[in-house]
Amino acid sequence: MKFKLFVFDLDETLWTVSEGLCTLVRPPFRLETPDRLVGQDGLWVELFPGARNLLKHLSQKKVYLSLASRNDAEPTLSILEALGVRQFFTFPQLCWKPKEDSIKKIVREIQKRDKVTIKPEHVLFIDDWSENVAPVRHWGASGLVFGQDIHSFEELMSFLK
């Protein structure tokens, strides 16, 4: 596989959210379905169809998966945990910095911990905003705009084969 690192945005990329930002979904949480979580005020987060299967598939390929999302670390990490997908992600960047900075930090952390060099051309970034993808592409990574370049995780799986 060409890519060694897959970086996903969260809101409207890996999942959909009732109010635009998962940061607004507050505990206590309850699972309505394995892929849909509801917070205390009725706000919800729901994994897009195929997202869980894609994460499982990629995790078996011995590649790195991570996140670059403009959200607060809490409650986002708790939501990931409650949905049972937190374990897939290495060095998630849940902050309000530019996505390219977050991705570069992920690459540095992997290099530091695992002594693995990941060049920009080995990174695939998926986000629903072209404004976030363009600087990452300019850095040299591949970027896909969810909803424009790809429309589903099944389509992404076909793209990766």
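Reply: Strand β8 (residues 123-127) pairs with β9 in the parallel sense, over four bridges. Strands here are DSSP runs (E, at least two residues) and helices are too (H or I, at least four), numbered from the N terminus; two strands pair if DSSP finds at least two bridges between them. The model is predicted, so local features need pLDDT of at least 70 and side-chain atom pairs 80 or more, while totals for chains, interfaces and linings use all residues. Residues are numbered from 1 along each chain as its sequence is written, and side-chain values use heavy atoms, without hydrogens and water.

Me: Which residue is the bridge partner of leucine 124 in β9?
Reply: Leucine 124 is partnered by serine 142.

Me: And what is the strand order in the open sheet?
Reply: The five strands run β7-β6-β1-β8-β9, with parallel pairing. β7 and β9 (142-145) are at the edges with a single partner strand each, so one side of each has no neighbour in the sheet.

Me: New topic: is serine 69 buried or exposed?
Reply: Serine 69 is buried, at 2% relative accessible area. Buried means under 20%, exposed over 50%, and partly exposed in between (1.4 Å probe, protein chains only). Serine 69 is in strand β6.

Me: What is serine 69 in contact with, beyond its neighbours within four places in sequence?
Reply: Its contacts there (heavy atoms within 4.5 Å) are Asp9, Leu10, Gln93, Leu94, Cys95 and Lys99.

Me: Which residues of helix α1 are buried?
Reply: In α1 (residues 51-59) they are Ala51, Arg52, Leu54, Leu55 and Leu58.
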